[in-house]
Amino acid sequence: MKRLCVLLAVLALGLTATAAQAASDKAPLSEATQSCLECHVEATPGIVDDWKRGRMSRTSVAQALKKEALKRRVSAKEVPAEMLNVAVGCAECHTTNPKTHQDTFEHGDAQVHTVVTPQDCAVCHPEEANQYKGNLMSHAWGNLVKNPVYMNLVEQINGVQEVIDGAKITVQKPGPLTNAESCLYCHGTEVKVIGMKTREVGDYGEMSFPQLSGWPNHGVGRINPDGSKGSCTPCHSRHQFSIAMARSPQTCSECHKGPDVPAYKVYQVSKHGNIYAALNQTWNMEAVPWKLGQDFNAPTCATCHVSLLTDSQGNVIAKRTHEMADRIWWRLIGLIYSHPHPISPDTSIIKNADGLPLATTFDGKPASKYLIGPKEQKARQKRMAKVCLGCHSTQWVTGQMARFKNSNQTADAMVLAATKLMQQIWAKGWAKGLAQGASPFDEYIERIWVDQWLLQANATRMATAMMGVDMGVFDQGRWYTSKNVRRMHDWIKRQEGKK
Amino acid sequence: MKRLCVLLAVLALGLTATAAQAASDKAPLSEATQSCLECHVEATPGIVDDWKRGRMSRTSVAQALKKEALKRRVSAKEVPAEMLNVAVGCAECHTTNPKTHQDTFEHGDAQVHTVVTPQDCAVCHPEEANQYKGNLMSHAWGNLVKNPVYMNLVEQINGVQEVIDGAKITVQKPGPLTNAESCLYCHGTEVKVIGMKTREVGDYGEMSFPQLSGWPNHGVGRINPDGSKGSCTPCHSRHQFSIAMARSPQTCSECHKGPDVPAYKVYQVSKHGNIYAALNQTWNMEAVPWKLGQDFNAPTCATCHVSLLTDSQGNVIAKRTHEMADRIWWRLIGLIYSHPHPISPDTSIIKNADGLPLATTFDGKPASKYLIGPKEQKARQKRMAKVCLGCHSTQWVTGQMARFKNSNQTADAMVLAATKLMQQIWAKGWAKGLAQGASPFDEYIERIWVDQWLLQANATRMATAMMGVDMGVFDQGRWYTSKNVRRMHDWIKRQEGKK
Amino acid sequence: MKRLCVLLAVLALGLTATAAQAASDKAPLSEATQSCLECHVEATPGIVDDWKRGRMSRTSVAQALKKEALKRRVSAKEVPAEMLNVAVGCAECHTTNPKTHQDTFEHGDAQVHTVVTPQDCAVCHPEEANQYKGNLMSHAWGNLVKNPVYMNLVEQINGVQEVIDGAKITVQKPGPLTNAESCLYCHGTEVKVIGMKTREVGDYGEMSFPQLSGWPNHGVGRINPDGSKGSCTPCHSRHQFSIAMARSPQTCSECHKGPDVPAYKVYQVSKHGNIYAALNQTWNMEAVPWKLGQDFNAPTCATCHVSLLTDSQGNVIAKRTHEMADRIWWRLIGLIYSHPHPISPDTSIIKNADGLPLATTFDGKPASKYLIGPKEQKARQKRMAKVCLGCHSTQWVTGQMARFKNSNQTADAMVLAATKLMQQIWAKGWAKGLAQGASPFDEYIERIWVDQWLLQANATRMATAMMGVDMGVFDQGRWYTSKNVRRMHDWIKRQEGKK
């Protein structure tokens, strides 16, 4: 549509000379990429045509570097000479850094690797890749897999249960296929070369390919065959790499929908999300920098958490960051209680007062040594507030932030109420928890307790954080946290009645 | 996008003269507004640029009044002279009616108020503001806050629970921050000036601002500092005030998503919602009047409940109304049973046969004195049917209306079944309800009963009302109402077994 | 929007001659259709203007037949002479096949029928209509209504429950209005003429119309008054019949949202769905054939299951089919366990080893005689894989298919665990099932068991099938299947404690 209109504009103005000029501005393809395309236009036509729709297929790094600072989409100061004056095609990404890639293999005349990693993208986008290293997401694999408490939860959720003699239930350890298709889909798998496989490829004859473990995967914390962590493609989807895609809220919904991470569901019913839904057809989702009010009139996820923002005069409101917690001072989800953001993106190093690798104890005491302090919290809050203040008054923002704090506190208090009942149940021996050397996640009443924090208190907090209020009451929040405590209490009364 | 194309059309036709004319048609800004913009283009750039995208920033009331009746977007016969020939900018809204506004304060050279109210909008849109006064929504604050039964429910949902000695649960009264971020977000807060606050404002030096209670808020029943009720901005979002926004179904989803008010969820899976989702890019969401079949080919919420509709010949199918119940003859949600719509928008005056401020008794007996009678029901149903008949045959509409009646009756019968079990539980003393001087909403089994009507029977009814059928079966309706009765029965059997 | 731009293109290029030519290409209306329009432009203006937006209102069959094979939208070799050179208007569909239609009636000068059926559409689209006959969907009415096990489930869900003496619950058989507004809305009703009714029609005087049972309805397995099965309009919505509509994922959501058939919910959070949401404004949703990568860069439901696909060179990737299982080799939903697809679209003929009309026994044993074998499964899987391979590597596809198989197996194992507990409960007499001559769906604990397969294991399977992973864990899948088994176990322990 957009392109059609651009074409029309060109025609309408009768600027045929300019049009010819524009066509000649299209960067040439490298010989290596042309060679890839010769077969792949047939072998994987969808990839090729998708790539053709994108900016990289027609722009050279040299052209990209010519833009003035705020409009620039690449952060490299210089790139290898052979990449400078060609469009960014197959070869530019899939043959870069061949030596660091365990998955490099001989393919046609080239040393190709299947898995393009943040380290590959860093050739042109080093700042973004570097920021991403500080992002909690880049450690999402280890933060789950190296945490025995979480892994016990994974096992209880994903493991196949067998009923023995109608009375006993055993849980099989979930296999890699199951984990790859559940938790690790977003957290990332460990992608390693586990052998080579030769097969007949249509008219091309026999070819050998490295066999990859944990493939396919584009999780944010993927362990790559070049040793790097993460993936750029969950947000910058292959092979068009549209910035509009990365800025669209639906993109984030792949992993952040809910009910465990209900960000997108909250956004959808927020006023911000309503405006996006109703009016985004009139927005410019591709402009760099992204001009508040002019290019768009309500934030998407990227606006608040990632994008370089200016006003229509070019004054910078927020710098681009790929360290998502840069404007986040409080962590709301994935844990029993809300708490200040962890200092290190590697959360597997955390130990709380009970010796568990969790940011708070079951009673809510934070493992403060591993968490950012009030000063850093304030700095991050200020950065976020500056985005809010682009469209809202100081009093508006202050008022909303006070409610945010209050929702965190009250949601945490509701988790504490449920936890106290759970601790009583464990103490009485009605269920077996950690103290009894058992999983705290395997019995029915324990699951009700987990619902309280993993799926419901988190919604209460996030609903206020992003102003999608019904998610904090009837869709997922307070209605359920208040009912859960009563349900646990009802269970206890029955248990007492049994004696 | 649209504007680009309009621009292209102008260019394409080479009508430079017309283009110049169009530019000169842009209404001038008042001096007062220019003065606001001088600072606010920097202070709140997002607001300014958002406003610039809207029609009000370039159209004077005089221009708006020149349109023929059906195309007119203002209902005033005349407006104050100083407003007539300027665009509607900052000053036109934020300095109007300065004396009635408790929140008026000295700001720059002007008497400014923060909160723009329906009474302010009424300067140009008096008919709409007046209709809105008869709208249940305008009383949403009092209808909740002045109803002790509902407020007990609010307390049980929102109040922080504390577990005392592992056995007893106490509930703290929820604070204003919690209520503002849950029920009152949509129902509206009471916005009053509670003091003045002076602070340093960047380069501008010290400034004083009125401090507002319950701020921010844009709830439909907000109590405003000028004594008026409600807010236009939940639907006509600041500061673009796009009519496309008000007509978009997502706009209504902010408060009407679910599961308590599942209108939007039903719409989404209805054929109407499917067509909107697939084809709305080809619709004209801004045309006034809105021409059925020509401007759009499936209704949004606004089509059936609010908008002025004509056919493509200009014959009026439905008049514009901001009294949402104008085409609604039956009330489906928010209460235990469906019932005829209340006569007065103030429902806190209702008293049922049991002396409670509810439109029906727990047994389903309507408080008929406060509800519209069969004649008025018929008139409203006829107005709605006329909209349906624009695209559907008489037999189609009659058939659907019969199903609507049937779904209300059967859903109500399922509520009655659950209520009978609940009454038995109260009678046996297994839980304490109103008769025992206790909350009917605080125990687990009572919550199951509330689920039945507040979250599930309502979905059954609304699914038929708007033809999004799975919402009435597996997503939220009959699967759950039928299971709930069994669950309550199972609970009773256990309770009997304990004895 | 699209049309505006096309108009602009024409203007921009100054091709007035071509424009005039284009206008003259508009096919004339038949006299019969003109006669319909004379009144209906007033009687049902929305239908008329909706139809005007569509291709059929301006294209004759003769024009459609002139297109080269891959671009052709009609599959007839020839059509009745009187239809050949006119646009496809009211009369062309509503008066065709008058003798086979029980609902044909005298209306104006014409023999009109209300219900347009696949047999009517087959005049121009015989291949599609024929394929649809082999589609499970076309038998959706009988597959439900003629299956006593399913009908018992329907009765338990839809029947109004009455509480007798506070202790006993009776279930009323659900009436036709309830079933039409729930299960049969999608499965289809039986539409028969049950009489004639005469009424005053505005200025036109008295008119008689056939009265239809089960009306309105556009279910996929509707029994039509001409004896044919199904309806084309659930996907090809009246009266614009936009192919973009049929290809939009939201269209499928009307019946396939969830939680019972969670296809659309899975799609929404899948990467495919994310890309659709973010970028579909730039797609060509109307091109025939639909060119992978060029016209769109992520699949919708139709891409994988229905559409004729080519690459941008015109090489066919998949043939058009309206037999939806053509690329489906495994059935995931609607039954207790996953199983190979049924051979016949009429599933009411199936008998499992226990003599029940279900594709597996309660223990999971497939009724293999009625299900496709490994060879046919492989052929269908290959057809689907070819679509995947348009954009993904062989290893990617193989890896995903292995996970699909694994998810089916593990989800089925979790159903088996719940079923074993249920069978124990039946054996002990704690609930009454089929063996005790009772409904297996009427008691609370039985409903928990049904949740396991009908609403939750299905989500686990479908989440992998379409890569919307959270739907298979916290939104609807493994979190719930693992909790359900524990809940049933908890219930059993309580039951044992009672003794």
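These legends accompany close-up views of a predicted model. Residues count from 1 along each chain as its sequence is written, chains are lettered from A in the order in which they are written, and side-chain values use heavy atoms, without hydrogens or water. Local features need pLDDT of at least 70 and side-chain atom pairs count only at pLDDT 80 or more, while totals for chains, interfaces and linings use all residues.

**View 1. Here chain C meets chain A.** In contact (heavy atoms within 4.5 Å) are 70 residues of chain C and 75 of chain A. The buried area (accessible area, 1.4 Å probe, that two parts lose on being put together, summed over both) is about 6,400 Å², with 56% from carbon and sulfur atoms. Arg403(C), Arg486(C) and Arg494(C) supply 13% of what chain C buries here, more than any other three residues.

**View 2. Zoom in on the salt bridge between Glu254(A) and Lys271(C).** Their closest N and O atoms are 3.2 Å apart. Chains C and A share three salt bridges (a side-chain nitrogen of Lys or Arg within 4 Å of a carboxyl oxygen of Asp or Glu).

**View 3. Trp215(A) and Pro216(A) are joined by a cis peptide bond.** Omega is near 0 degrees, and Pro216(A) sits in the loop between β6 (206-212) and α14 (243-247) of chain A; helices (H or I, at least four residues) and strands (E, at least two) are DSSP runs, numbered from the N terminus.

**View 4. Met467(A) has a positive phi without being a glycine.** Phi is about 55 degrees, in the loop between α21 (444-466) and α22 (478-498) of chain A. Met467(A) is buried, at 12% relative accessible area (buried means under 20%, with a 1.4 Å probe and protein chains only).

How values were computed: Buried means under 20% relative accessible area, exposed over 50%, partly exposed in between (1.4 Å probe, protein chains only).
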